[in-house]
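Here's a quick briefing to read alongside the model. Keep the structure open and find each spot as you go.

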Amino acid sequence: QVQLVESGGGLVQPGGSLRLSCAASGSIFSIYAMAWYRQAPGKQRELVAAITAGGSTNYTDSVKGRFTISRDNAKNTVYLEMNSLKLEDTAVYYCNADLSLGRLRAEYWGQGTQVTVSS
């Protein structure tokens, strides 16, 4: 069994910062890509940022220059540093991991953490 546990969400004023963490645990053989998605009310879930096992990253245009994704492979943990937060960043943020359990390769999701940007 695999679990992705997110933390770090909360309420922040516009211009503020938050750091999200997501730790993967279980019978994991290796983790390929890890990513953060978000879903705002009434909208589809969208990719925010992704990082490969080798550290290559990509970001959706709206967060470039403001968000930074990183990972600690030894801890099976991915982070999302969010700066200069805007009202439109308000959403539930989900962690995603593409990983191997040996012979099985599968994608897992965290339960989500709420980020609310409000004055």
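Let's start with asparagine 76, which lies in the loop between S7 and S8; strands (E, at least two residues) and helices (H or I, at least four) are DSSP runs, numbered from the N terminus. This is a predicted model, so local features need pLDDT of at least 70 and side-chain atom pairs count only at pLDDT 80 or more, while totals for chains, interfaces and linings use all residues. Residues are numbered from 1 along each chain as its sequence is written, and side-chain values use heavy atoms, with hydrogens and water left out.

- Asparagine 76 isn't a glycine, yet its phi is positive, at about 50 degrees.
- At 26% relative accessibility, asparagine 76 counts as partly exposed; that label sits in between buried (under 20% relative accessible area) and exposed (over 50%), using a 1.4 Å probe and protein chains only.
- Serine 84 is in the loop between S8 and S9.
- Serine 84 is a residue other than glycine too, and its phi is positive, near 50 degrees.
- With 41% relative accessibility, serine 84 is partly exposed.

**The chain as a whole**

- What does the secondary structure come to? The protein chain has 0 helices and 11 strands.
- Read from the N terminus on, the elements go β-β-β-β-β-β-β-β-β-β-β.
- The radius of gyration is 14 Å, close to the 14 Å that the globule rule gives for 119 residues, so the chain is as compact as a globular protein of that length. That radius is taken over C-alpha atoms, and the rule is 2.2 Å times the number of residues to the power 0.38.
- Taken along the principal axes, the C-alpha atoms fill a box of roughly 50 × 25 × 25 Å.
- Of the 119 residues, 39% count as buried.
- Look at contacts (heavy atoms within 4.5 Å) between residues at least 6 apart in sequence: 54% of them join residues at least 24 apart.
- The chain exposes about 6,400 Å², and carbon and sulfur atoms supply 47% of that. Accessible areas come from the Shrake-Rupley method with a 1.4 Å probe; for residues, only the protein chains shown count as cover.
- There are 11 positive and 9 negative charges, and their mean positions are 3 Å apart. Lys and Arg count as positive and Asp and Glu as negative, with His and the chain ends not counted; the place of a charge is NZ of Lys, CZ of Arg, CG of Asp or CD of Glu.

**Salt bridges**

- How many salt bridges does the structure hold? There are 6, each being a side-chain nitrogen of Lys or Arg within 4 Å of a carboxyl oxygen of Asp or Glu.
- Arginine 19 pairs up with glutamate 81, their closest N and O atoms being 3.7 Å apart. Arginine 19 sits in strand S3 (residues 18–26) and glutamate 81 in strand S8 (residues 77–82), so this pair ties together parts that are 62 residues apart in sequence.
- Both partners are partly exposed: arginine 19 at 44% relative accessibility and glutamate 81 at 28%.
- Aspartate 61 bridges to lysine 64, with 2.9 Å between the closest N and O atoms. Here aspartate 61 is exposed at 60%, whereas lysine 64 is partly exposed at 48%.
- Aspartate 89 bridges to arginine 66, and their closest N and O atoms are 2.8 Å apart. This pair links distant parts of the chain, 23 residues apart: aspartate 89 is in the loop between S8 and strand S9 (91–100), and arginine 66 is in the loop between strand S6 (57–59) and strand S7 (67–72).
- Are aspartate 89 and arginine 66 buried or exposed? Aspartate 89 is buried, at 0% relative accessible area, and arginine 66 is buried as well, at 10%.
- Salt bridges that share partners join Arg38, Glu46, Arg66 and Asp89 into one network.

- Threonine 68 lies in strand S7 and is partly exposed, with a relative accessible area of 42%.
- Beyond its neighbours within four places in sequence, threonine 68 is in contact with Tyr59, Tyr79, Leu80 and Glu81.
- Threonine 68 and serine 30 are 38 residues apart along the chain, and 23 Å separates their C-alpha atoms.
- Threonine 57 belongs to strand S6 and is partly exposed at 38%.
- Which residues does threonine 57 touch, not counting those up to four places away in sequence? They are Ala50, Ile51 and Ile69.
- Threonine 57 and alanine 33 are 24 residues apart in sequence and 9.5 Å apart in space, C-alpha to C-alpha.
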